[in-house]
Amino acid sequence: MKIERIPAGVYAANCYVISSEETQKGVIVDPGGSVDKISGYLEENGIEPVMILLTHAHGDHIMGVPELKQYYPVKLGVHKGDLEMLANASVNLSSQMTGPTVGIEPDFTFEDGDVLTAGDLKFEVIHTPGHSLGGVCFVIGDYVITGDTLFAGSIGRTDLTGGDYDTLIDSIANKLLSLSDDLVVLPGHGPASTIGKERFGNPFLRGRWT
């Protein structure tokens with residue numbers, strides 16, 4: 001398995017391309033723009049994208065979706081809690097951002113505990129509301145893609161539609177900090193971390209759970 005991080009769009013949201021070295025099938029997570037960079041990486045490495053997965057439906061994580069779906073026959077998936085946000089450019093804020101205005105329907109939805117497969121790649125869905133109603137994280141192998149739920153040294157903002165601070169903290173405490181400390185955190189913005197580093201060093205979490 002290979003994971004490539006591509007800071008995408010004018011807001012540099014982390015898009016991740018996860019691909020199988022056995023089958024060359026790939027999954028794109030949170031394409032917030034920079035479709036030329038994403039498609040260039042796919043073509044250069046001979047990767048066949050089969051799915052686009054969203055950690056949540058805010059504009060800076062979805063603005064590359066329509067163009068990618070024009071180029072590739074990929075299926076788009078989102079948690080059902082973010083359906084309204086994905087469909088409404090005013091709610092997902094893409095109408096207020098620099099970039100394309102996006103209001104789209106997914107090809108499928110998923111829920112907490114689902115396991116999504118693409119060839120030999122398996123993504124476990126963990127519903128982590130708080131940043132948005134349908135915010136999720138994806139566990140794949142030794143990694144957890146956390147979107148805007150958990151960052152290196154920080155947490156997601158909770159002042160947007162569907163956000164709630166107590167809900168976010170509860171999601172992190174009960175869903176993410178129960179994972180192995182060695183699991184690598186791949187956030188929606190900024191550098192990678194680990195569950196252990198965030199458990200003991202994140203100022204929003206320090207002293208709460210050990």
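**Loop, helix and core**

Q: Is Asp30 buried or exposed?
A: Asp30 counts as buried, because its relative accessibility is 1%; buried means under 20% relative accessible area, exposed over 50% and partly exposed in between, with a 1.4 Å probe and protein chains only.

Q: What sort of model is this?
A: The model is predicted, so local features need pLDDT of at least 70 and side-chain atom pairs count only at pLDDT 80 or more, while totals for chains, interfaces and linings use all residues. Residues are numbered from 1 along each chain as its sequence is written, and side-chain values use heavy atoms, with hydrogens and water left out.

Q: Where does Asp30 lie, and what is its phi?
A: Asp30 is in the loop between strand S3 (25-29) and H1. Its phi is near 55°, a positive value in a residue other than glycine. Ser34 lies in the loop between S3 and H1, and has a positive phi near 50°. Most residues other than glycine have a negative phi. Helices (H or I, at least four residues) and strands (E, at least two) are DSSP runs, numbered from the N terminus.

Q: Which residues touch the most other members of the largest nonpolar core?
A: They are Val17, Ile28, Ile38, Ile52, Leu54 and Leu86, in a core of 28 residues. Such a core is a set of buried Ala, Val, Leu, Ile, Met, Phe, Trp, Tyr and Cys residues joined through side-chain atoms within 4.5 Å. Elements that each supply at least two residues of this core include strand S1 (2-8), strand S2 (13-19) and helix H1 (35-44). H1 gives the most to this core, with four residues. Apart from it lies another core, of 17 residues, among them Tyr16, Val29, Leu121 and Ile145.

Q: What is Val17 in contact with?
A: Leaving aside neighbours within four places in sequence, the contacts of Val17 (heavy atoms within 4.5 Å) include Ile3, Ile6, Val27, Ile28, Ile38 and Leu42.

Q: Changing topic, how many residues has helix H5?
A: Helix H5 (residues 165-176) has twelve residues and reaches 16 Å from first to last C-alpha, close to the 16 Å expected at 1.5 Å a residue; the expected span is 1.5 Å times one less than the number of residues. Asp164 caps the N-terminal end of H5, with a side-chain oxygen 3.4 Å from the backbone nitrogen of Asp166.

Q: Which residues of H5 are buried, and what covers them?
A: The buried residues of H5 are Leu168, Ile169, Ser171, Ile172, Ala173 and Leu176. Their cover includes strand S9 (136-140), strand S10 (143-147) and helix H6 (195-201).

Q: How many aromatic pairs are found?
A: A search of the whole structure finds four. The ring centres of Tyr71 and Tyr72 are 6.4 Å apart and their planes are at 90°, so this pair is edge-to-face. Rings of Phe, Tyr and Trp (its six-membered ring) pair if their centres lie within 6.5 Å; planes under 30 degrees apart are stacked, over 60 edge-to-face and the rest tilted. Tyr72 is buried, with a relative accessible area of 12%.

Q: Which residues form the aromatic cluster?
A: Phe108, Phe110, Phe123 and Phe138 form one cluster. Phe108 lies in strand S6 and counts as partly exposed, because its relative accessibility is 22%. The C-alpha atoms of Phe108 and His79 are separated by 8.7 Å, with the two 29 residues apart along the chain.

Conventions. A polar contact is a pair of N or O atoms within 3.5 Å; within protein, one must be able to donate a hydrogen and the other to accept it, and residues adjacent in sequence count only if both atoms are side-chain atoms.
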